[in-house]
Amino acid sequence: MSEKVIIRRLVTGVPGLDAILGGGLPEFSFNIIVGSPGSGKTTLANQIMFGLATREKPALFFTVFGEPPLKMLRYQQQFEYFNFDKIDDSIRFVDLSDDIAAGSFDRLLERITQEIRISTPALVFVDSFRSVMFEMHKRPAGDITAQQFISRLGIFLSGWQATTFLIGEYSSENDPHPVFTIADGLLSLEQNVYRNSMVRKIQILKMRGQATRPGMHTFSISAEGIEVFPVALVLDDTGNATKAANPVRSNSRLAMGVPRLDDMLGGGLPSGYSLLVAGPSGSGKTILATAFLAEGVRLGEPGVIVAFEQTPSQSWIRTIDNLVRAGKIGLINTRSLDLSIDQIVHRLTQMIREMKATRVVIDSLSGFELAVAPSFREDFRESLFRMFAVLSGLGVTVLMTSELEDRYVDLRFSPYGSAFLTDAIIVQRYIEVQSNLQRVMSVVKVRASSHSTEIRRYEITDDGIVIGDPVLDYEAILGGQPIRTKK
Amino acid sequence: MPTTNSSLYRETVRRMLANRVGDSPDAKAIAKATLSIWHQVFTRLKPLIGPRGTNVLFARSLHLTGAAYPWLSMAVDHADSKDLLADIKTRLEDHAPDVARAASYALLTNFIDLLTTLIGESLTERLLDPVWAPYPTSSQKERVA
């Protein structure tokens, strides 16, 4: 008799939602979905309903004052989850606007319980809940209070074994509505408009009985409905979920596809490392990245490129383009300004898994920063850190480029302080020699490995990067004004 | 406004109306059948889209039908749908069977077309099919049981 009750979790089928809920919705729970107008509450509720309702476990959707049922049916059927066969079969809509107009909680409760007794639904939705509270100002004397109403409704619904969703518009965190105390689950949706971009976020403020994924998660609404992009998990060292996430880093090294560069790196780039290629505009970062991917394809190591900058018409990108068309590498090409990093990471990890990719290129961090919505830029560094953690968990080798303003007064690798996050760094620079611009590159760091410290000249030819000999005839070249080495 | 299958659907509605009226139709029979159909439509839609929403749709259909049958849309001033239907019944009875039948049919199809523009063909058919069906459909039977 000492066995605990097992709470079944309903898998909502909303992509990403079950993950942040901690495995799904507890059965018979009493949930509230809150958010500002237009934040996607009704859409989320409908998507959950169409996903979960079956003939054995039917759903009742009460529409109250808020959105006219006709309008809701009109708009909701635009989404792919809307299933006509379920209407009036496993899903029933009930309009309560007239009962609300009567202005009595008693009567409303009576009506709702009566409907529930008739169809014994497994899922109950009340949309919108705010209008319930709003309309009830002019209640008759002796009527139950809003709090009592909710409380009784909650008791009744759990007694009738229904998983319930109230959809409302409260958003003030400072003044939580008493209803929130009764709720088992509280899902908060919001849309943030910052400058020119709009970002949707969802947060599980409360979910009794299970551990949810904390924080704000971005989500999108498309023709398929809502898709949640859970914040990438940074794994701790307590052993939680680390088994899958800590890949065995092999001792193998990856060929870069640029002659002599492997030697400079001490025998190629160690597998699983992240490499930052920093350099000024036109120094050949993308070409280096292209060579890295092409070499991978040649050796049977598929790759994925996240491109934020160049157009496919450019010559070096054409190589990429051909490889993408041939299905040899995956391409995520985006210039949308409304992305969250988690959204990109989500797509990236999906593609890495699909392609079984081992090489990843991010070109470039500067473009990446521009592509994410402005409201995320403040957290850009933190998000990069999470992204690296996820990619490292997948065991892929990452090459990312970073545009570097040519400053000869200091030696910098990245404007985001991301240099310390990476395992290896290659820096490229221009130097002036006899009134000519020449390119030089050097390996600055390869973690736990010996590497060359030479500064070498290189040229960009039609065949790619050709690395020359170390610059021995000049010194002080990082200052931009080399002087001939005294012999 | 009418969609691809709507002519087929109109035919169903027309035949159903003919069925209900019977073999030797007079205006009284047509009016009676019309009334019973609308009762069924209202019973079906009111719980779902609310009495108010249903009444508005009906009033709009009546208004549209008024273009061809002005005498029918004179009934529009009733607040209660029951009085409105009773009034329409009387008006239908006052006309020749052919005219009454055409007017009744026009009102029904206008209502269906209106609903279709709002919630689409599939959902409209799904909601109203039980009204046209001569016998309860299988899913209805299950629900009753």
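Modeller: The crossing of H2(B) and H6(B) is right-handed. Keep in mind that this is a predicted model. The two partners are helix H2 of chain B, residues 27-65, and helix H6 of chain B, residues 121-132, and they pack at an angle of about 145 degrees with their axes 9 Å apart. To find the spot, look on H2(B) for Ile37(B), Gln40(B), Val41(B), Arg44(B), Leu45(B) and Leu48(B). They meet Leu127(B), Leu128(B), Pro130(B) and Val131(B) from H6(B). By type, the residues of this contact of H2(B) with H6(B) split into eight nonpolar, one polar and one charged.

H2(B) also has a part in the contact between the chains. That contact takes 15 residues from chain B and 15 residues from chain A. On the chain B side, the elements that give two or more residues are H2, helix H5 (97-119) and H6. H2(B) provides the largest share of that side, seven residues. The side of chain B that touches chain A divides into eight nonpolar, five polar and two charged residues.

Now hop over to chain A, which has an H2 of its own. Helix H2 of chain A covers residues 41-52, and its twelve residues reach 17 Å from the first C-alpha to the last, close to the 16 Å expected at 1.5 Å a residue. H2(A) is mostly covered, with eleven of its twelve residues buried. Among the buried ones you'll find Lys41(A), Asn46(A), Met49(A), Phe50(A) and Leu52(A).

Next comes a sheet in chain A. It is an open sheet of nine strands with mixed pairing, and its order is S16-S15-S17-S18-S14-S19-S20-S21-S22. At the edges sit strand S16 (329-333) and strand S22 (464-470) of chain A, each pairing on one side only. From one strand to the next, the twist averages 25 degrees.

Let's zoom in on S17(A). S15(A) and S17(A) pair in the parallel sense over five bridges, and one pair of bridge partners there is Gly303(A) with Arg359(A) of S17(A). S17(A) and S18(A) also pair in the parallel sense, over four bridges, and here Ile362(A) has Met400(A) of S18(A) as its bridge partner. Five of the five residues of S17(A) are buried, so this strand is largely enclosed by the rest of the structure. In a regular strand, side chains alternate between the two faces of the sheet. Both faces of S17(A) are covered: Arg359(A), Val361(A) and Asp363(A) are buried on one side, and Val360(A) and Ile362(A) are buried on the other.

Some helices lie over these strands too. Helix H11 of chain A, residues 285-298, lies across several of them, including S14, S15, S17 and S19 of chain A, and runs at about 160 degrees to S17(A). Helix H13 of chain A, residues 341-355, lies across S15, S16 and S17 of chain A, running at about 155 degrees to S15(A).

One last pairing to look up is that of strand S14 (residues 274-279) of chain A with strand S19 (residues 424-433) of chain A, which is parallel over four bridges. There, Val277(A) has Ile426(A) of S19(A) as its bridge partner.

Definitions and conventions: Residues numbered from 1 in each chain as written. Chains lettered and ligands numbered in written order. Predicted model: local features only at pLDDT ≥ 70, side-chain atom pairs only at ≥ 80, totals over all residues. Axes fitted to C-alpha atoms, helices over the stretch in contact; angles between N-to-C directions. Left-handed = near helix turned anticlockwise from the far one by under 90°. Contact = placed C-beta atoms within 7 Å. Nonpolar A, V, L, I, M, F, W, Y, C, P; charged D, E, K, R; others polar. Expected span 1.5 Å × (residues − 1). Buried ≥ 20, exposed ≤ 12 C-beta atoms within 10 Å, placed from the backbone. Pairing = 2+ DSSP bridges.
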